[in-house]
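Here is a short briefing on the model below.

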Amino acid sequence: SNMTDNLKYIVQELNKEPFNKNLNLITCDSLEPIQLLQILNDVIAEIDERHQMDIRNESADQTFARIIDALRIFRFKPPSDPNHFETFKLGLVQGNKTTVYPILEWLLQKRPELKKRAYLARFLVKINIPAEIAQDEEVENLYIQYEEHIEEFKQVHKNVEAAKSASLPTGDIKKDIKAMQDEKEQLVRRVDRTKKRVQSFPNSASMLQLAQRLRLEKEREAKISRQISDQRTVIQSCQSRAQRLNQQVKDMRQAAAGSTADGLIARLEEEKKINRYMVTEKLPAEIATEKRQVADLQKIASEPAMGQADLEQYRAKMREVNAEINQLIEKKMMAGDVRDDKASLFRQQASIVSRKKAAAAEALREAREELNRAEEELQARRETLEANRGQQGGGEEVLKEAQFREYVAKLRTKSTVYKEKKRLMNELIAENGILTRTLEILRQKEEAVKRQISQAEKRAGVSGYSDTQEQLEKVSKMMTQLNQKKGDTLEDMSRIIGELNKRVNEKKNELAPLIRELRPLREEAKKLQLEYDEKKANYERQSAGVEEKRMKLEQEVKALREECQGEESRYAYMKGMLDILNTQHQRVQDELRAYKSQDPNDKKKPTLRDVFKKKIAEQENIGKSLREKQKAVRDAQQPAMKQVKMWSDLLRLMDCKIACQAKAEVAAEAGEYAGVTSLQENRLVL
């Protein structure tokens with residue numbers, strides 16, 4: 001099928017201009033090998049006119065060499081393997097379809113590109129000169145000039161292609177030329193009027209010189225003013241940078257004042273404790289809370305949608321569970337003793353301390369986040385300043401006086417806020433340390449109370465009562481939290497449904513006047529659509545006229561380009577012929593000058609006439625000696641032929657004698673054998 005598709009493409013292209021072969025699949029497939037090679041040659045000739053010929057007028061080897069040379073110029077890649085190349089060569093010589101069809105398809109697909117390549121090859125493919133001729137000095141100089149002309153042609157062709165690709169439309173070029181001519185005429189008239197005015201004044205020449213000097217001095221003054229402004233800008237930026245650096249040094253010194261090694265170690269220990277608490281307690285708790293919340297939300301999302309009846313049912317269950325929990329709490333409070341009161345007191349204190357600790361950690365986290373945001377903003381502003389500095393050629397951004405004052409005021413405000421936050425953060429860190437220590441003490445007391453309670457339970461025979469009670473409290477607390485979350489979730493869902501209904505009604509009310517306003521706009525849109533269609537039809541008519549004019553101009557440009565290419569080829573050919581004629585003329589002039597000159601030095605130099613005379617004399621002597629040899633051979637031919645005949649007869653006679661001698665020897669051997677046989681027979685008889 002691939003072969004059929006290739007053949008279809010080849011037939012379609014050969015039926016088009018400029019081939020007009022009028023073929024179909026059957027006729028193309030039934031072509032003789034010589035006809036197929038002729039079509040291949042016609043396609044190559046359409047690309048490169050030098051191959052226009054009838055292949056019946058040349059041998060198969062010449063046709064193969066010429067086609068291979070053309071394909072090499074076109075950069076067609078034949079098989080690189082020697083065996084495959086021999087098959088390719090044989091198929092091309094014999095006009096094999098499997099070899100010719102791929103070449104035809106490749107040539108027809110890349111015909112425009114190959115035309116350009118063939119045109120360039122006529123001037124860029126170098127001539128092969130034999131080594132013995134290339135050693136001549138004049139030939140070598142001519143070849144160097146030839147290579148220089150090739151490079152010049154390359155540059156000219158490159159410039160022409162660049163000009164073609166960068167060329168503007170003809171109409172725009174004509175408009176630009178006309179506008180420039182009008183502007184030139186206006187400038188010429190203005191210059192003439194100015195000259196007439198100036199010529200009426202005395203000392204006009206000196207005044208013109210003074211005016212020219214004044215203009216130069218003004219330009220110089222403007223240049224110096226710009227340089228002064230640039231230097232002032234650089235000085236101001238350096239001063240502002242120095243002020244910032246001094247302020248940074250001052251702040252760092254103030255921060256370092258009064259600090260000791262013990263204070264730094266204590267501060268680091270506090271930060272270490274805070275970070276440990278954040279990592280080991282607060283963050284895991286927050287992560288666990290978020291995970292539980294996500295699990296609850298996923299569970300709620302996976303359940304089917306609930307109506308108002310389901311919500312009421314869940315609320316009733318929640319009320320029942322809350323009532324049971326309250327009853328259990330009341331029973332526990334009524335059954336409690338003094339030791340439970342003490343434990344609950346410690347638990348209450350511990351919970352208060354843990355809440356304060358959590359609040360301090362949260363405040364610390366917020367303060368750190370705000371500090372990070374401030375540092376990021378500071379870094380962003382520094383990067384912005386660096387970018388502005390790079391855009392101004394290495395200088396820094398220079399602020400105006402009012403902007404600088406505003407910036408200083410903002411900086412003071414932020415510095416005050418930063419110091420206040422830092423002070424608050426230090427207080428929170430200190431309070432956190434105190435609360436941490438308090439929590440540790442309360443935990444130790446709690447452990448001691450638990451040991452006392454466990455000992456008392458063992459003595460009373462109710463071991464594990466306090467642990468069970470704590471677990472019940474935890475379960476009740478968890479149930480309370482879960483019920484609260486469920487209630488909040490259900491309330492949120494009902495609230496969201498109500499808000500959605502409210503938003504839908506609001507959007508309907510908002511859209512009602514818009515719909516009323518939309519109706520006349522639709523009518524106006526229909527009118528505009530009709531007007532648009534009318535304008536579009538008018539535009540298409542105008543565009544068709546402009547397109548027709550453009551095509552005519554393109555045809556003119558194409559004809560001019562072809563004419564330009566022909567003129568370029570003719571110019572290159574005429575220039576090459578002129579160089580050859582100049583070289584020949586120079587050689588003739590040198591020969592005549594050497595022949596007519598009376599200078600003995602010139603006479604010593606061998607001329608071409610002398611060289612050729614010497615060669616002619618040598619050839620005449622050689623011819624004379626060869627003629628003498630020919631005459632001697634011709635005179636000795638008859639006796640030699642007789643002698644050859646005699647020797648051949650002698651050889652035949654000797655061959656005959658040898659044959660007779662061989663026959664006689666065979667006969668003698670046969671007779672001797674017969675005698676021996678008879679003698680043996682006689683002996684047997686006796």
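Buried residues make up 16% of the 686 residues in the chain; buried means under 20% relative accessible area, exposed over 50%, and partly exposed in between (1.4 Å probe, protein chains only). This is a predicted model: local features need pLDDT of at least 70, side-chain atom pairs count only at pLDDT 80 or more, and totals for chains, interfaces and linings use all residues. Residues are numbered from 1 along each chain as its sequence is written, and side-chain values use heavy atoms, with hydrogens and water left out.

**Overall make-up**
- The chain has 19 helices and 0 strands; both are DSSP runs numbered from the N terminus (helices H or I, at least four residues; strands E, at least two).
- Of the contacts with a separation of 6 or more, 68% join residues 24 or more positions apart. Contact means heavy atoms within 4.5 Å.
- Accessible areas come from the Shrake-Rupley method with a 1.4 Å probe; for residues, only the protein chains shown count as cover.

**Surface patches**
- Patches take residues with over 30% relative accessible area and no salt bridge; like charges are joined within 9 Å, nonpolar side chains (Val, Leu, Ile, Met, Phe, Trp, Tyr) within 5 Å.
- Arg189, Arg190, Arg193 and Arg197 gather in a patch of positive charge. Arg197 lies in helix H10 (residues 170–199) and is exposed at 59% relative accessible area.
- Trp647, Leu650, Leu653, Met654 and Ile658 form a nonpolar patch with about 510 Å² of accessible area together. Ile658 sits in helix H19 (residues 637–685) and is exposed at 55%.

**A buried charge**
- Glu105 belongs to helix H6 (residues 97–109).
- Glu105 is buried yet has no salt bridge; Lys110, the nearest side chain of opposite charge, is 11 Å away.
- Beyond its neighbours within four places in sequence, Glu105 is in contact with Asn6, Tyr9 and Ile10.

**Salt bridges**
- The structure holds 17 salt bridges, each a side-chain nitrogen of Lys or Arg within 4 Å of a carboxyl oxygen of Asp or Glu.
- Glu13 pairs with Lys16 at 3.5 Å. Glu13 is buried at 13% relative accessibility, whereas Lys16 is partly exposed at 44%.
- Asp54 pairs with Arg56 at 2.9 Å. Asp54 is partly exposed at 24%; Arg56 is exposed at 65%.
- Glu113 and Arg117 meet at 2.7 Å, N to O. Both lie in helix H7 (residues 111–124), 4 residues apart, about one turn of the helix.
- Glu46, Arg111 and Lys115 are linked in a network of salt bridges.

How values were computed. Lys and Arg count as positive and Asp and Glu as negative; His and the chain ends are not counted. The place of a charge is taken as NZ of Lys, CZ of Arg, CG of Asp or CD of Glu.
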